[in-house]
Amino acid sequence: MVDVLDNKRAATRFRILVQIAERQPAVSQGEIAADVGVTSQAVSEYIRDLVDDGLVEKEGRSRYRVTNEGVDWLFTTADDVRRFADHVTGDVLDAMSEAAYIATDDIEEGETVTLFVRDGLLHAKAGEEGPATGVATTDAEAGTDVGVTSFEGVMELEPGSVTVLQVPAVRAGGSRAIADEFVSETCDGADLVVATGVEAVVACRQAGTDPAVNFAGGEVAADAAERGLEVVAVVTIDSVGRVTDALRDAGVAYEVLEG
């Protein structure tokens with residue numbers, strides 16, 4: 001257990017040092033006492049100990065400053081707390097939480113199920129066969145949603161990628177300036193096609209391609225690629241930057257093609 005969570009005195013010491021860092025150099029022991037929930041006398045004793053330990057230096061009456069050693073200690077302790085919080089939320093609570101999956105066959109409540117991703121969606125099948133498993137919290141027929149909890153392992157998922165197909169703006173010819181065959185060939189075989197910009201939507205329609213979405217193409221493409229899908233984003237050249245920014249922010253692999 002992290003000291004500041006396991007030991008009340010360590011926790012109070014940490015909180016007071018944070019308060020000093022926030023208020024320095026003019027430090028009101030009364031205000032710190034009110035915020036931390038201890039007496040002013042206790043704050044005075046804690047500060048004296050912090051000074052003796054080299055974590056705080058006194059600059060004058062009611063004037064204190066956190067030393068470099070104190071800053072290092074705050075960083076280390078805060079990092080320990082963060083890692084513990086990550087463990088609680090990522091390992092403990094995730095395993096206790098319930099999520100919805102699509103049942104691939106009939107499943108009974110309490111049955112162990114294998115978890116996997118198909119077409120970008122979470123699926124569960126009866127039995128313990130794969131690297132990721134859970135326990136069904138509901139009965140479900142094949143094709144319906146089933147609740148799952150008590151997750152173990154990691155689902156195998158190969159990230160997808162995005163092909164960004166640029167379409168000229170209307171002032172440069174718009175959809176008429178890009179060959180229908182090129183659009184259809186680029187989109188052929190993609191798991192998902194999105195479009196951004198009027199010229200891009202028209203280019204898709206003229207090529208016989210129906211985009212799944214016509215707005216927020218970058219965000220949708222990034223989310224789909226993270227779920228393992230191969231995506232084509234047909235984008236008017238004026239909007240390409242916004243789309244690629246969303247892909248970069250998500251860490252998704254992409255390439256840009258000029259029409």
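## The parallel sheet

Two strands pair if DSSP finds at least two bridges between them. In this predicted model, four strands form an open, parallel sheet in the order S9-S10-S8-S11. S9 and S11 are the edge strands, each pairing on one side only. From one strand to the next, the twist averages 20 degrees. Strands (E, at least two residues) and helices (H or I, at least four) are DSSP runs, numbered from the N terminus.

S9 and S10 share five parallel bridges. Thr196 has Val235 in S10 as its bridge partner.

## Helix H6

H6 spans residues 180-187. The helix lies across S8, S9, S10 and S11, at about 170 degrees to S8. Axes are lines fitted to C-alpha atoms, for helices over the stretch in contact, and angles run from 0 to 180 degrees between N-to-C directions.

Val183, Thr186 and Cys187 are buried (under 20% relative accessible area, 1.4 Å probe, protein chains only). Down the helix axis, the buried residues of H6 fall within an arc of 95 degrees, so they line one face; the arc is that of directions from the axis to the C-beta atoms. Glu181 and Glu185 sit on the face turned away, exposed (over 50%). Just after H6, Gly189 has a positive phi of about 90 degrees.

## Thr114

Thr114 belongs to strand S4 (residues 112-118). Thr114 is buried, at 4% relative accessible area. A polar atom of the Thr114 side chain lies 2.7 Å from the backbone nitrogen of Glu129.

## Basis

Residues are numbered from 1 along each chain as its sequence is written. Local features need pLDDT of at least 70, side-chain atom pairs count only at pLDDT 80 or more, totals for chains, interfaces and linings use all residues, and side-chain values use heavy atoms, leaving out hydrogens and water.

How values were computed
Polar contact = N/O pair within 3.5 Å; in protein donor to acceptor, adjacent residues only side chain to side chain. Contact = heavy atoms within 4.5 Å.
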